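Please study the sequence and the structure shown below, and then work through the exercises in order. Each task is followed by a worked solution.

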Amino acid sequence: MEETAITSPATITNTTKSPKKLTLIPLIFIIYFEVAGGPYGEELAVKAAGPLVAILGFLTFPFIWSVPEALITAELSTAFPGNGGFVIWAQRAFGPLWGSLMGTWKFLSVVINMASFPVLCIDYLQKLFPVFQSGWPHYVVTIASTLVLSFANFMGLTIFGYVAVFLAVVSLSPFMLMSLFAIPKLHPHRWLSLGQKGMKKDWNLFFNTLFWNLNFWDNVSTLAGEVDKPQRTFPLALLFSVIFICLSYVIPLFAVIGSVVVDQSEWENGFHAQAAEIIAGKWLKIWIEVGAVLSGIGMYEAQLSSSAFQVQGMAEIGILPKFCGVRSKWFNTPWVGILMSTSITIGVSYMNFTDIIASANVLYGLGMLLEFASFLWLRWKSPMMKRPYRVPLTLPSLVIMCLVPSGFLIFIMVIATKVVLLVSGLITVGGIGFFLFMKLCKTKNWVEFSIGEVVETEENGVEIKGSFMI
């Protein structure tokens, strides 16, 4: 067994204990909204590369990306069942600087990505209410909806877990109906179309759309401290979520491509609603547009929860000051994390949808490269560490499993625009500067930080018993 009396990240026992924990069903639907929220937003893949390539993308990408990420999340979340997730993994593998950088990349990627959900909702709403298409009404409704959703998140994670089940049922139901109505109208040869003549393939948009629709599996790891029996619950929840999410993308895509003939350029965000009207009538179009709003709410709430608990987890392991981990006395929610996340989301809400997902993808990609490296390093460095769930592969096989999605991440960065790469580089430099500043604050005792030591337990594998530095 490896030595355990060392300073290292994991979970710190919080002075305020949550009276309720997330169980399997709510966790499945929280993961669903962390990653997908339904087929809303997949339409751009068809516009960018044509029907056949879009179908192949959503059929193959889960095996290249989603499954490896879900497996890694299952193993490391059960080995380190505390809030902070991937930050804990990177710090345990490579030290405080890399844990802090991981926190910077992943936190900013999530809060930037959160800005896309109000935008996506408005893309659907403006088809019913054209006044929201541009100008001050567009910006006012974006900021107002962001503030309202953030306040709702304050009410608690356990409550949202059950709300997520309701939101998923209501937002997915119209797609199930649309797919059934489309069966008599299907022409399978349309699935084999390589695209409309004269339409240039936009690989940047295509891969960013795939990536945006199928990433953020590991976000749920920052909620590990809020999950009931995480060693058993996490692997099951991730397994069911992978199957559920992949089907929710592929089935509507087959249905619409096979039954509706339109110009390829019309495959914009919100096109599924128009297709529903063609297939079944205006009533289904309205239902999908309402479902888009509900889905956007679910995705925003899920990712706000993960970013807020990430902040709280980073405070628990001493990367951020202690006050960043403060919870509400009423709802036991990390209100400082919610406030920080919301403020940044509003700050980037002026960006258009494509710029939002491209910026989030590059930052997230940097974090994922570090996450793959942390996973492999911990397997090699600490092979005897207790892992309640263990990916059933040898180290060489795991290297291959991580190399394939890593190659895709590098490709995403290569095709990114110079502006996006410049912003990502500046954020990385800023993240290093932030780490050095926090280190100075600890040295000078300017603010209060948490400290702790790792111990092993039979139930959790690794945990921190913490104290506070005054």
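The exercises below concern a predicted model.

**Exercise 1. Overall make-up**

Task: State how many helices and strands there are in the protein, and what share of the residues is buried.

Solution: The protein has 16 helices and 2 strands. Of its 470 residues, 59% are buried. Among contacts with a separation of 6 or more, 83% are between residues 24 or more positions apart.

**Exercise 2. A pair of packed helices**

Task: Determine how helix 3 and helix 9 are oriented to each other.

Solution: Two quantities are required, since packed helices are described by the angle between their axes and the distance between the axes. For helix 3 (residues 51-79) and helix 9 (residues 203-214), the angle is about 50° and the axes are 10 Å apart. Angles under 35 degrees count as roughly parallel, and those from 65 to 115 as roughly perpendicular. Helix 3 and helix 9 are therefore oblique to each other. Helix 3 passes helix 9 in a right-handed crossing.

The residues that meet include Phe58, Phe61 and Trp65 from helix 3, and Phe206, Leu210 and Phe211 from helix 9. By class, this contact of helix 3 with helix 9 comprises 11 nonpolar, 3 polar and no charged residues.

**Exercise 3. The nonpolar core**

Task: Identify which residues of the largest nonpolar core touch the most other members.

Solution: This core has 125 residues, and Trp65, Trp217 and Phe375 touch the most other members. Its largest share, 13 residues, comes from helix 12 (residues 282-316). A separate core of 5 residues includes Ala358, Val362, Met413 and Ala416. When neighbours within four places in sequence are left aside, the contacts of tryptophan 65 include Phe211, Leu214, Trp217, Tyr364 and Pro405.

Definitions and conventions. Residues are numbered from 1 along each chain as its sequence is written. This is a predicted model: local features need pLDDT of at least 70, side-chain atom pairs count only at pLDDT 80 or more; totals for chains, interfaces and linings use all residues. Side-chain values use heavy atoms; hydrogens and water are left out. Axes are lines fitted to C-alpha atoms, for helices over the stretch in contact, and angles run from 0 to 180 degrees between N-to-C directions. Helices (H or I, at least four residues) and strands (E, at least two) are DSSP runs, numbered from the N terminus. Angles under 35 degrees count as roughly parallel, over 145 as roughly antiparallel, 65 to 115 as roughly perpendicular and the rest as oblique. A crossing is left-handed if the near helix is turned anticlockwise from the far one by less than a right angle, and right-handed if clockwise. Contact means heavy atoms within 4.5 Å. Ala, Val, Leu, Ile, Met, Phe, Trp, Tyr, Cys and Pro count as nonpolar, Asp, Glu, Lys and Arg as charged, and the others, Gly among them, as polar. A nonpolar core is a set of buried Ala, Val, Leu, Ile, Met, Phe, Trp, Tyr and Cys residues joined through side-chain atoms within 4.5 Å. Buried means under 20% relative accessible area, exposed over 50%, partly exposed in between (1.4 Å probe, protein chains only).
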